[in-house]
Amino acid sequence: MTSLDMPTMASSLLLPLGSTCGRSPSFTPQSILVDKLRRLVVKVKSSETRECTTAMFNANSRRDFLGLALGVSGGLFMGSLDANGAGLPPEEKPKLCDDTCEKELENVPTVTTGSGLQYKDIKVGQGPSPPIGFQVAANYVAMVPSGQIFDSSLEKGQPYIFRVGSGQVIQGLDEGILSMKVGGKRRLYIPGSLAFPKGLTSAPGRPRVAPSSPVIFDVSLEYIPGLEVDEE
């Protein structure tokens, strides 16, 4: 071995064990100390192999664990998305006319007024009809022609109070309630000319109503506050 070989061998042995992982040390014994050096190399390589194996095992284990964790969490996440988008039935909203009512309405005659408003009485009330300008308390469920609800007093939990015949609501609703009696329920088929001239924008859970498009209102006339006071 020449004098230049010793520093080379020493520097190789001083390298971190992980730095030679997967390859042989960068020196070759070339002297009478071949056997001793070979044993030393074998010892070093054995040590490196153990270290490399451990390091590779730990790295692979970490990758496998992370992959498994990501795969499971990703699967759960995607599963939740699939569940939300798998055609599950939409949340059922309260209505004034249930399925039985809908079937009965098929046999109820349609009344058409001079303005083009049409209606069917779900139930004829027994109380008084509201005079123009009086306050009324009414529940309503407003729908587009497809039946999708875009507004409802039932979801708000209380009747809507307004002064009937004074332009506080759309024309079709005003006209439809004026001829109702307290305790009655009615389905109003309101043409676009009596509905929302500017339309309504869409919102979460609410469809868009196009300008001057027809709408349907189910309405129940609950009571007439001012009229009841007068009667007492």
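Analyst: The account below starts with the chain as a whole and then turns to the core and its surroundings. This is a predicted model, in which local features need pLDDT of at least 70 and side-chain atom pairs count only at pLDDT 80 or more, while totals for chains, interfaces and linings use all residues. Residues are numbered from 1 along each chain as its sequence is written, and side-chain values use heavy atoms, with hydrogens and water left out.

The protein chain has six helices and seven strands; these are DSSP runs numbered from the N terminus, helices being H or I with at least four residues and strands E with at least two. Along the sequence their pattern is α-α-α-β-β-β-β-α-β-α-β-β-α. Of the 232 residues in the chain, 28% are buried, where buried means under 20% relative accessible area, exposed over 50%, and partly exposed in between (1.4 Å probe, protein chains only). Among the contacts (heavy atoms within 4.5 Å) with a separation of 6 or more, 66% join residues 24 or more positions apart.

A nonpolar core is a set of buried Ala, Val, Leu, Ile, Met, Phe, Trp, Tyr and Cys residues joined through side-chain atoms within 4.5 Å. The largest one holds 28 residues, and Ile-177, Ile-190, Val-215, Phe-217 and Val-219 touch the most other members. Strand S3 (135-143), helix H5 (171-178), strand S6 (185-190) and strand S7 (215-223) each give this core at least two residues. Apart from it lies another core, of five residues, including Leu-96, Met-143, Ile-149 and Ile-216.

Helix H5 has Gly-172, Leu-173, Asp-174, Gly-176 and Ile-177 buried. An α-helix has 3.6 residues a turn, so residues three or four places apart point the same way. The buried residues of H5 pack against S3, strand S5 (160-163), S6 and S7.

Phe-217 is one of the core residues with the most contacts to other members. Leaving out residues up to four places away in sequence, Phe-217 touches Tyr-140, Val-141, Ala-142, Phe-150, Ile-170, Leu-173, Arg-186, Arg-187, Leu-188, Ile-190 and Phe-196.

Val-141, one of these partners, is found in strand S3. Val-141 counts as buried because its relative accessibility is 1%. Beyond its neighbours within four places in sequence, Val-141 is in contact with Pro-94, Lys-95, Leu-96, Ile-149, Asp-151, Ser-152, Leu-154, Ile-216, Phe-217 and Asp-218. Pro-94 is 47 residues from Val-141 along the chain, and their C-alpha atoms are separated by 8.5 Å.

Phe-217 also lines the largest pocket, together with Tyr-140, Phe-150, Asp-151, Tyr-160, Gln-168, Val-169, Ile-170, Leu-173, Phe-196, Leu-200 and Arg-206. A pocket is an open set of points on a 1 Å grid over the protein atoms alone where a 1.4 Å probe fits, with protein on both sides within 12 Å along at least five of seven lines; lining residues have an atom within 4 Å of a point. The volume of the largest pocket is about 220 Å³, counted as the space filled by probe spheres set on the points, which are joined across faces, edges and corners. Its lining has nine nonpolar, one polar and two charged residues; Ala, Val, Leu, Ile, Met, Phe, Trp, Tyr, Cys and Pro count as nonpolar, Asp, Glu, Lys and Arg as charged, and the others, Gly among them, as polar.
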